[in-house]
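This report goes through one protein model, from the whole chain down to single residues. The sequence and the structure come before the text.

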Amino acid sequence: MSKSPSPCGVVLITGFLGAGKTTLLRNILQWPGDLSGTAALVNEFGSVGIDGELLKDLKAPIIELSNGCICCTMQGDLLKSVDETLRTYHPSRLLIEATGVADPFEILNFLNPSRLDGRISSPRVVTVVNADLWEGREMFGRLFYEQIKAAELILFNQVDYLPEEDIPRCLEEVRQINSSCAVLPTHYCRIDPDVFWKAAGGPAHGGEFTFAPLVHLSDGSAPELGYVSFAVEHEKPFRESCFRTFVKSMPIELYRMKGFVHLDTGCFMVNHVGGRTEWRALEERCPTRLAFVGWKVEKDQVEKVLKACL
């Protein structure tokens, strides 16, 4: 990469657990054209990095931050990683994928351009919202709404899961929460690149975007609100029938599971959110590496059930 004389543009990608943030980032990094000036930072709440594996072999460097949330426990790590990324790759654009339980206002207040000697611009926020879970949004709490309120562009993703006649009402309900943002219905986060960069990286509201501290009421960090994350890793395979039964019976509080699972019938990439599970068969063998996120979930009980499936 050649060093850019202008501040690096920063886009913060937020969205609740399983909304499609990694899918959006992967789409962006596969767009045609020159992406040599683009780098990405990926934050994972759990101790096992999964997104970095899903984003490898793309056209931009991927830097992983795991085992914490950049809005609360990892602010210093975020600042250090941004600084190292700027020094190493000299990007003109930096994409930061936050964990699903991150408060974007916390990140924006911390990621002040003055902390990095003006080498970055003030971050713009793109939020991905899972349309399939919209009707049950009240159970997700404050963080879900903060992610919407902070956005300049919202992708109302997986709209094909909604009855067509309900989509206009849902989009209007999103705008009632944040009337100044652009809202686009999408499927698998497919969006025209020009639309994305204009909304996420162009001048805000017709003028230059200047940093100002964002004030909001805080009800506590992710761990304080009851969110838990943990990882399960095994070399031995699971019995497929037992593991699939486990997935089907996962409580609603354990609404996020992502990673690689080794079954006695083969290896799979599994992505579970809010009761819906996607499976993708893999040709190569793999150990089981699963990241879980939930709310007030007993980790030991989950591990006990899985151990019985080995």
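## Overall chain

The model is predicted. Its secondary structure comes to 9 helices and 12 strands. Of the 310 residues of the chain, 54% count as buried.

The accessible surface is about 14400 Å², and carbon and sulfur atoms account for 50% of that area. Among contacts between residues at least 6 apart in sequence, 76% join residues at least 24 apart.

Strands of a sheet pair through backbone hydrogen bonds, either parallel or antiparallel. In this chain, an open sheet of 5 strands runs in the order β8-β12-β9-β10-β11, and its pairing is antiparallel. Its edge strands, each pairing on one side only, are β8 (227–234) and β11 (276–282). From one strand to the next, the twist averages 20 degrees.

Within the sheet, β9 (residues 256–263) and β12 (residues 288–295) are joined by 5 bridges in the antiparallel sense. Phenylalanine 260 has arginine 289 in β12 as its bridge partner. Helix α9 (residues 299–307) packs on the sheet, where it touches β8 and β12. The direction of α9 makes about 25 degrees with that of β8.

## Cysteines

A disulfide is a covalent bond between the sulfur atoms of two cysteines. The structure holds 1 disulfide, formed by cysteine 242 and cysteine 309 with their sulfur atoms 2.0 Å apart. The torsion about this S-S bond is about -65 degrees, so the disulfide is left-handed. Cysteine 242 lies in helix α8 (residues 240–248) and cysteine 309 in the segment after α9, so the bond ties together parts that are 67 residues apart in sequence. Both cysteine 242 and cysteine 309 are buried.

Cysteine 267 is in no disulfide. The nearest cysteine sulfur to that of cysteine 267 belongs to cysteine 286 and is 3.2 Å away, whereas a disulfide requires sulfur atoms within 2.5 Å. Cysteine 267 has 5% relative accessibility and therefore counts as buried, the cut-off being under 20%. Cysteine 170 is also buried, with a relative accessible area of 0%.

## Glutamate 146

Is glutamate 146 buried or exposed? Its relative accessibility is 4%, so glutamate 146 counts as buried. This residue is found in helix α5 (residues 142–149).

Glutamate 146 and alanine 102 are 44 residues apart along the chain. Their C-alpha atoms are separated by 9.2 Å.

Notes: Residues are numbered from 1 along each chain as its sequence is written. This is a predicted model: local features need pLDDT of at least 70, side-chain atom pairs count only at pLDDT 80 or more; totals for chains, interfaces and linings use all residues. Side-chain values use heavy atoms; hydrogens and water are left out. Helices (H or I, at least four residues) and strands (E, at least two) are DSSP runs, numbered from the N terminus. Buried means under 20% relative accessible area, exposed over 50%, partly exposed in between (1.4 Å probe, protein chains only). Contact means heavy atoms within 4.5 Å. Accessible areas come from the Shrake-Rupley method with a 1.4 Å probe; for residues, only the protein chains shown count as cover. Two strands pair if DSSP finds at least two bridges between them. Axes are lines fitted to C-alpha atoms, for helices over the stretch in contact, and angles run from 0 to 180 degrees between N-to-C directions.
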